[in-house]
Amino acid sequence: MHAPLDHFATLAVSAVDNSLEPTLRARIDGKAKPPGSLGRLEDLAVQLGLIWHPAPPRTDRAMVFVFAGDHGLAEDHVSPYPASVTQAMVAAYLAGCAGMNVLAKAAATEVCVVDAGIAADVPPHPGLIDRKIGYGTRNASREPAMSIDDARRALSASIALVSDAIDGGIDIVAIGEMGIGNTTSAALIAHRLTGTPIGDCVGRGAGLDDAGVLHKRAIAQKAAARTAASAPLEVLAEFGGYEIAMMAGAVLAAAAKRRPVVIDGFIASAAALVAVRLHPAARAYCVFSHRSAERGHAVLLEAMAATPYLDLGFRLGEGTGALMAIPLVRAAAGILTELADLSDVLAGRLGQTQ
Ligand SMILES: Cc1cc2ncn([C@H]3O[C@H](COP(=O)(O)O)[C@@H](O)[C@H]3O)c2cc1C
Ligand SMILES: O=C(O)c1cccnc1
């Protein structure tokens with residue numbers, strides 16, 4: 001049950017070489033289209049070029065890692081659903097019949113389901129990766145959700161898992177989560193790492209009504225008032241959860257291995273912020289997929305100067321928003337690797353890709 005700590009301690013993230021950007025822009029401007037006419041997809045192409053330099057970007061295999069964990073906070077009724085839904089949804093992922101599975105199929109993306117800390121013993125399944133750190137976190141409104149050591153264990157476990165997947169041929173990493181109560185954890189992380197008032201970070205989560213949001217806000221206030229922690233690892237340990245820690249580790253692993261990591265919505269963005277505060281160079285590897293309808297997502301996006309590509313009104317999690325952006329990543333890479341130069345087209349030299 002205990003993963004080693006050293007993958008986190010020894011991790012190195014190298015910065016992308018931003019001085020290459022003008023060269024990449026000029027190359028894209030020379031393609032068979034008016035300059036800038038593929039809009040923000042060109043920005044994504046530049047980002048992929050910087051990440052993969054000097055190699056051309058590869059996008060054959062994408063994998064979404066869905067980390068599942070339970071939250072002690074759930075006993076305070078911060079969610080309209082009981083904690084048992086976490087495990088039930090994991091069973092649905094393994095059966096291939098959840099929202100995430102449907103969207104992963106459409107996005108030609110492999111699925112990796114990880115038990116980061118579900119509050120029950122989950123029956124073994126060939127599709128389930130057991131990296132359980134504990135049986136749910138402790139209640140962050142009363143005490144730290146986890147120890148610093150457990151936060152490091154969670155980070156290290158996912159760093160090892162995602163690094164191995166990349167070594168095994170995964171070109172695009174995407175992150176998502178399942179954990180009843182985790183929008184409260186994410187709100188607390190957003191609040192503490194950005195300095196935004198907690199009330200502006202708390203939203204409806206899985207569908208609270210107005211009274212429910214008021215109650216959730218009060219619980220979050222209580223948790224925030226309990227601790228003055230401000231360093232990213234401490235904030236992560238104070239507020240949880242295991243699946244958020246593992247998403248942060250996944251971001252760091254992708255960055256360390258120089259692969260793009262597609263960030264889902266509110267909770268995944270909170271994890272990305274933890275990762276970026278731990279290793280600022282990791283920001284350049286993050287692709288922010290969509291703008292979640294959850295209140296507080298804007299706070300996180302702004303803190304990372306991120307403008308997502310999609311606005312579909314999603315507020316599900318599970319990696320669903322990230323999955324919808326995988327085709328964009330593939331298309332953007334194609335701008336660099338398959339789109340002809342205008343000079344070749346005008347000279348009638350067709351069918352030669354760069
Ligand atoms: C059936 C169901 C499936 C879900 N899939 C993702 N979430 C989403 O809702 C949860 C966060 O909301 P809160 O903080 O209000 O609990 C997370 O598990 C998130 O992934 C779901 C929630 C439910 C109910
Ligand atoms: O944006 C998300 O990831 C989200 C929002 C609400 C509930 N679950 C997930």
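This note goes through a predicted model point by point, from the overall fold to the ligand shells and a few individual residues.

1. Overall fold. The chain holds 14 helices and 6 strands. Its radius of gyration is 20 Å, close to the 20 Å that the globule rule gives for 354 residues, so the chain is as compact as a globular protein of that length. Along the principal axes, the C-alpha trace spans about 70 × 40 × 40 Å.

2. Burial and contact range. Of the 354 residues in the chain, 56% are buried. When contacts between residues at least 6 apart in sequence are considered, 79% of them join residues that are at least 24 apart.

3. In soluble globular proteins, nonpolar side chains tend to be buried together. The largest nonpolar core in this model has 120 residues, and the members that touch the most others are I175, V251, V261 and A271. Helix 10, residues 242-256, gives the most to this core, with 13 residues. For V261, once its neighbours within four places in sequence are left aside, the contacts are V173, I175, A250, V251, A254, A255, Y285, C286 and V287.

4. The shell around ligand 1. There are 17 residues around ligand 1, of which S79, T183, G205, A206 and G317 come nearest. By class, this shell has 7 nonpolar, 8 polar and 2 charged residues. Helix 4, strand 4 and helix 7 (182-194) each supply at least two residues of the shell, and helix 7 gives the most, with 3 residues.

5. The shell around ligand 2. Around ligand 2 there are 13 residues, with G265, F266, S292, E294 and G317 coming nearest. The class make-up of this shell is 4 nonpolar, 6 polar and 3 charged residues.

6. An unreviewed UniProt entry lists E318 under "active site", and the annotation may be inferred rather than shown by experiment. In the model, E318 lies in the loop between helix 12 (297-303) and helix 13 (320-337). E318 counts as buried because it has 27 C-beta neighbours inside 10 Å, where 20 or more are required. Not counting residues up to four places away in sequence, E318 touches V66, A98, G99, M100, G176 and M178.

7. Helix 5. One of the contacts of E318 is M100, which is also among the buried residues of helix 5 (residues 99-106), together with N101, L103 and A104. An α-helix has 3.6 residues a turn, so residues three or four places apart point the same way. The buried residues of helix 5 pack against strand 1 (62-69), helix 4 (84-95), strand 2 (110-117), strand 4 (172-178) and helix 13. Just after helix 5, A108 takes a positive phi of about 50°.

8. L50. This residue has its place in helix 3, residues 39-52, and counts as buried because it has 20 C-beta neighbours inside 10 Å, the cut-off being 20 or more. L50 and S19 are 31 residues apart in sequence, while their C-alpha atoms are 9.2 Å apart in space. With residues up to four places away in sequence not counted, L50 touches V16, D17, N18, L20, E21, L24 and A284.

Note on methods. Residues numbered from 1 in each chain as written. Chains lettered and ligands numbered in written order. Predicted model: local features only at pLDDT ≥ 70, side-chain atom pairs only at ≥ 80, totals over all residues. Near = placed C-beta within 6 Å. Nonpolar A, V, L, I, M, F, W, Y, C, P; charged D, E, K, R; others polar. Helix = DSSP H or I, 4+ residues; strand = E, 2+ residues; numbered from the N terminus. Buried ≥ 20, exposed ≤ 12 C-beta atoms within 10 Å, placed from the backbone. Contact = placed C-beta atoms within 7 Å. Core = buried A, V, L, I, M, F, W, Y, C linked by C-beta atoms within 7 Å. Rg over C-alpha atoms; globule rule 2.2 N^0.38 Å.
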